[in-house]
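Subject: Structure handover

Hello,

Here is the structure we talked about, with my notes below it. Please read them alongside the coordinates.

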Amino acid sequence: MSPEILLGLVLATVRMSLPILFAASGGYFSEKSGVAQIALEAYLLIGAFTAAAVGFQTNSLVLAYVAAAAAATVMAQIFNVLIFKFKANSIVVGTGMNLLAMGIIPIVSKTLFESTGSTPALDTSEAALKQSLIMVSVTTVSMMALCYWIAEKSNWGLQIKFAGEKSEALTSVGVNPIKRRWQAVTLCALITGIGGAILSTYLASSYSPLMSAGRGFIALAAVIFAGWNLRKAWLVVLFFGFAEAIQIQLQNMNLSVKIPNEFIQMLPYLATLVALLLLRNKQQAPKEIS
């Protein structure tokens, strides 16, 4: 393999990992607090659409990212109300949230852009692309540093872990575990929404229907694969990003043996299933997750 191809593969791995990295970071906090979170796909989609729409209307990446985080956070409150106030099952509600996102986005898109498909394309000039790269780089580094500090160094992060492992300990010191879980789900949506913004403004130049393409589920698999450890989850995300980069590389290569594109496109998902299968006995979920 030539150095150019190798470098391209490394850069593609990092690039394709970004939305999954944000979703996995967000999903970690929700899962660690004891709330099973399969609505990551919904937060990615809402974040992606909102960022593309706001970015087109304002021509501002900062506003696009803020709007994406806000929209996903608002959506998470529906999730919170249903599972904490009405005691609904988080898996069922998460599935419903994914379906809600898939259904509501075309309606809003039709209202704003007279189209139920893609949003109008964002600026793709050299200056805009450079600005996008800087924005993504700063946001990613800041997010990782902040998430690590919250998870490993802050009292709030410690309380989140107790909420998922031994909520009675929190109650005994006057901390409401339900409140901490509510906050963790809200933080999860905020972070994942920004991942959606990266998906539609950096990996693409507009929103297209269902563009998350299962990345929310892959992010959840990364958290489980890593044994609910944040730093390990980041490494697992790179593995899944590498699988996606390999898929793209294979589609662009002139192979002597013809491989159906459908088979190549399934590689990231196949890698996810194989990883979970091989490590099924090493998974240690939070004791009170539900």
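Helix 3 and helix 4 cross with right-handed geometry (right-handed if the near helix is turned clockwise from the far one by less than a right angle, left-handed if anticlockwise). The model is predicted: local features need pLDDT of at least 70 and side-chain atom pairs count only at pLDDT 80 or more, while totals for chains, interfaces and linings use all residues. Residues are numbered from 1 along each chain as its sequence is written, and side-chain values use heavy atoms, with hydrogens and water left out.

Helices here are DSSP runs (H or I, at least four residues), numbered from the N terminus. Axes are lines fitted to C-alpha atoms over the stretch in contact, and angles run from 0 to 180 degrees between N-to-C directions.

The axes of helix 2 (residues 40-58) and helix 9 come within 7 Å, crossing at roughly 135°. Helix 2 and helix 9 are therefore oblique to each other, and their crossing is right-handed. Leu-40, Glu-41 and Leu-44 of helix 2 make the contact with Arg-215, Gly-216, Phe-217, Ala-219 and Leu-220 of helix 9. The classes in the contact of helix 2 with helix 9 are five nonpolar, one polar and two charged.

Arg-215 also forms a salt bridge with Glu-244, with 2.9 Å between the closest N and O atoms (a side-chain nitrogen of Lys or Arg within 4 Å of a carboxyl oxygen of Asp or Glu). Arg-215 lies in helix 9 (residues 215-225) and Glu-244 in helix 10 (residues 230-252), so the pair ties together parts 29 residues apart in sequence. Arg-215 and Glu-244 are both buried (under 20% relative accessible area, with exposed over 50% and partly exposed in between, for a 1.4 Å probe and protein chains only).

The count of salt bridges comes to four. One of them joins the side chains of Arg-181 and Glu-288 at 3.0 Å, N to O. Arg-181 lies in helix 8 (residues 177-201) and Glu-288 in the segment after helix 12 (267-278), so this pair ties together parts 107 residues apart in sequence. Arg-181 is buried at 12% relative accessible area, whereas Glu-288 is partly exposed at 23%. Another salt bridge pairs Lys-110 with Glu-114 at 4.0 Å, N to O. Lys-110 is partly exposed, at 41%, and Glu-114 is exposed, at 60%.

Finally, Gln-265 lies in helix 11 (residues 261-265) and is partly exposed, at 38% relative accessibility. Apart from neighbours within four places in sequence, Gln-265 is in contact with Gln-247 and Gln-251.

Regards

Methods: Helices (H or I, at least four residues) and strands (E, at least two) are DSSP runs, numbered from the N terminus. Angles under 35 degrees count as roughly parallel, over 145 as roughly antiparallel, 65 to 115 as roughly perpendicular and the rest as oblique. Contact means heavy atoms within 4.5 Å. Ala, Val, Leu, Ile, Met, Phe, Trp, Tyr, Cys and Pro count as nonpolar, Asp, Glu, Lys and Arg as charged, and the others, Gly among them, as polar.
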